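Hi everyone, thanks for making time this morning.

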Amino acid sequence: MSGSGVAVEAVSFGYGQARILDDVSLQVNKGEFFAFLGPSGSGKTTLLRLIAGFGTPGSGRILIGGRDVSRVPPWRRNVGMVFQNYALWPHMSVGANVAFGLEQRRRPRAEIQARVAAALDLVGLADYADRRPAQLSGGQQQRVALARTLVIEPDVLLLDEPLSNLDAQLRVEMRAELVALQRKIGLTTIYVTHDQEEANAIADRMAVLDQGRIRQLGRPIELYDRPADAFVAGFLGTANLIPAEGGGRWVLRPQDITLVEAGRGRLRGRVVQAEFLGASVRHRIAVGDAVLIVDEPHRLGRAAPQAGAEVGLDFDPDRSTRIAD
Amino acid sequence: MTAAVASGAAGTLGRRASPGQIAVGLAVALFLALFLVLPVARVMVAAIEGPDGYTLDHFGDFARTALFREAFANSIYVAFMAVVLATLIAVPLAYLLARFRFRGAALIQTLGVIPLVMPPFVGAVAMQLVFGRNGSVNLLLNEWFGFRIPFMEGLNGVIFVEGLHYFPFILLNLSAALSNIDASMEEAAQNLGASGWTLARRIVLPLALPGYVAGAALVFVKVFDDLGTPLLLNATNLLAPQAYLRITSIGLDDPLGYVIATVMVAFSLAAVAASALVLRGRDFSTVQRGGGGLGQRELTAGRRIAAWVFISLVLLLVLSPHIGLLLLSLGTVWSFSVLPDAFTLAHYGAVFGQSAHYLGNTVLYCALAAALDVVLGTAIAYLVLRTDLPGRRWLDAVAMIPIAVPGVVLGIGMLRTFHGINLPGSDQPLATFWGMLIVAYAVRRLPYALRACTAALQQLHISLEEAAESLGAGKLATLRRIVVPLMAGGILAGFVTSFATAAVELSETLLLVTREADAPASYGIYVYMQSPAGRGPGAALGVIAVVVVAVATYFSHRLAEIDRAKRGKLGR
């Protein structure tokens, strides 16, 4: 376990009238892999940049390892940031890029050499020290950016949508590698993404942001199963919102509803469309004015109800989440 | 969101300007105030200073004098006609370049650089010998067809020489605008049924117009302000020569010289402002990711021949001052004949024997002026793009003013401001100290260097600096290790441009040089060219200056290419 915890205390931030962050508080524990998840404009990148020191909160404070760093410039924070575009310096070799932070820390030459080699080895680029960044593929550039950050042994690792410039297959591979690497060195890590699948797959805990506020904070499964509001429910996956008796709404995932014979179950509907997806069949079912989405697992020889068929829908209220309107 | 944050990071995150930034900003502001704002202001004040208080009488005198009215009209006429000539040459070339797949493309691009390495006044005398009443071309025309063309008669000569010299400004700006139009712009119009002339008129021309206007305005101002060419062609009834002659013959206290200078500044500023107004809100760069430019077609055989004929003709015209100058520098006697009577290297011998100091002075002054320019340019670019220093945009705006300040005006202003102040420890006026020439060159060339530095810094993604900061490098270390090395290409380009253009500057030079020993090559060329006997050595000195400028320009292009190739493209 290495690194330090990060505390964000009542941080607000904005330009003029525009509020980008509004009274945000959260605690990232030592060694934790934490994700900021949100759509464009939610303030997630701004929050990450405030932790890195690129900007000062309008109000509130930021603590790293218990120390208030709100007014500390970026170069004295010992926070490692991997940029979305990697920000490798094109006029320096890979080795020189990685050595930079240690040189700024005035480490002895021999130590720098050894640590640069070790860092490049860690990301699988031991033989690339003499290359120029432009000679590397996107995935390799990403690894260099990571090595450049890790080599200074930062207190916190900040990753700003690090996989967004990679193609789909490489993204999944790098994601697994990142998680493995983080587990191995146990460094406190904060990861910004707008991709809920990515956040679910890697984060110990995450915060969902929208319009500068934290909507909900917790473990990915908790947030998926027990969303606090309609925004979180919808952002983390497909959600059916059904008015509940006595006020509020049920949040039902497509797989939480089962299809039964017409006339049975809690609701009655008509199949609008059935999409065969392989492992499951996705049904769109008109219930009154609303259309619900229901996934049924597919098994050999099982015939799905056809469009136009009358069906019943059932779910278990005791195992469902109810949110306020 | 990321973009907003990235630009905001340089903006208003409550960061206060550091003492270092404030000190640099003040130093730059002081320099600009002393050597640009003050001299120009002194000129304007002198134009309205009467024996008792301020008065507009001098402007009345200006308007009542037929000579000045004529000079004013002539200046506008010459500048306008030079734009017309430049347009006739540049527009077809730019269109060929953008629209057609064509072997001549490299040649057109070369055509766009050749004139720039030789200032018009250097070639002016040679052009007389080639295109004048008794020059090579008219002698041949007269012999073969029995008529002459008055290329060089009176104001025609100025228009002809300047138009040929300045058309690249339109060519370069228009080509850039055309290559910024994405093929999809045209394809969408074609998809909706437009083609041929409609396509050109409705889509291509409006999108390219800003580039043309920018180039044309530049040509207009340059020609309007030029002093050397009219002087050498003896067309003195234009504003710039009139201002120069008033100040140098009547003296520093004659108000009419300042009135003419003020009129020139006002008119140049108005032209630049008018073009800016036309261009406002018209940044039409539509290139999508992955390259752009119009779709290119093949030329039909007939059109290809027409294109080659046109290009060859332009090439001959563009090269004629260079060829004429070379012949002049190598000829013994050249008068009333198609070619010189005989050839000799004696003129070059004369130059290296008696006039080597001109070249030494040019290299010294221009190198120092260019160095000053890139230091100022880098400082201003950094303050504007990367700090919150209050007033930083003013610095940028003021530093761009020299675009619209004629060299004559700045020269007169320098004289007016500094003639009463002596160099510390001597009785030499500061105005005629050779160091002032360096400062004057630097001020006039600052806009070019500043734009080069700004462009270089803009291309640097700010995350490259933030990465250094988060790895422990402070502002100064980041500047030294990341920003300046990555800007090196742009800084070098700015240096070479400043150097090359200062090397052939004449108007400030004529006004500020008082001792022959302190004079640079441009002064030497001018003085030599005054007498028929001096034309040979003058041309030799001109050829040497042109070669130096051409070599410098070539190497800066090569260096920039190598620099680009070395870095390649990085994940952006």
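Let me start with a question: on which residue is the kink in H21(B) centred? It is B:Ala488, and the kink there is about 55°. Keep in mind throughout that this is a predicted model. Helix H21 of chain B covers residues 475-503, which is 29 residues, yet its end C-alpha atoms are only 36 Å apart. A straight helix would reach 42 Å at 1.5 Å a residue.

Now over to chain A, and its open sheet. Six strands line up in the order S6-S7-S8-S3-S9-S10, with mixed pairing. Strands S6 (79-82) and S10 (213-218) of chain A each have a single partner strand, so they stand at the edges with one side lacking a neighbour in the sheet. From one strand to the next, the twist averages 20°.

Let's zoom in on one pair there. S3 (residues 33-37) and S9 (residues 205-210) of chain A run in the parallel sense, paired over four bridges. In that pair, A:Phe36 sits opposite A:Ala207 of S9(A).

Helix H4 of chain A, residues 138-150, touches S6 and S7 (156-160) of chain A, and its direction makes about 175° with that of S6(A). Helix H5 of chain A, residues 168-185, lies across S3, S7 and S8 (189-193) of that chain, at about 140° to S3(A).

Chain A has some antiparallel pairing to show you as well. Strands S1 (residues 6-15) and S2 (residues 18-28) of chain A are antiparallel over seven bridges, and A:Val6 has A:Val28 as its bridge partner. Two residues separate the strands of this hairpin, where A:Gly16 takes a positive phi near 55°. S1(A) also pairs with S4 (residues 59-64) of chain A, antiparallel over five bridges; there, A:Glu9 stands opposite A:Arg61.

Last stop, the nonpolar cores. Which residues have the most contacts inside the largest one? They are B:Leu32, B:Leu93, B:Phe167 and B:Ile412, in a core of 156 residues. Helix H4 of chain B (residues 66-99) gives the most to this core, with 14 residues. As for B:Ile412, its contacts beyond four places in sequence include B:Val43, B:Tyr258 and B:Leu511. Another core, of 85 residues, lies apart from that one, and among its members are A:Ile62, A:Val82, A:Leu158 and B:Val374.

That's my tour, and I'm happy to take questions.

Methods
Residues numbered from 1 in each chain as written. Chains lettered and ligands numbered in written order. Predicted model: local features only at pLDDT ≥ 70, side-chain atom pairs only at ≥ 80, totals over all residues. Heavy atoms only, no water. Expected span 1.5 Å × (residues − 1). Bend = angle between axes of the 7 residues up to and from the residue. Pairing = 2+ DSSP bridges. Axes fitted to C-alpha atoms, helices over the stretch in contact; angles between N-to-C directions. Contact = heavy atoms within 4.5 Å. Core = buried A, V, L, I, M, F, W, Y, C linked by side-chain atoms within 4.5 Å. Buried < 20%, exposed > 50% of the residue type's maximum accessible area, 1.4 Å probe, protein only.
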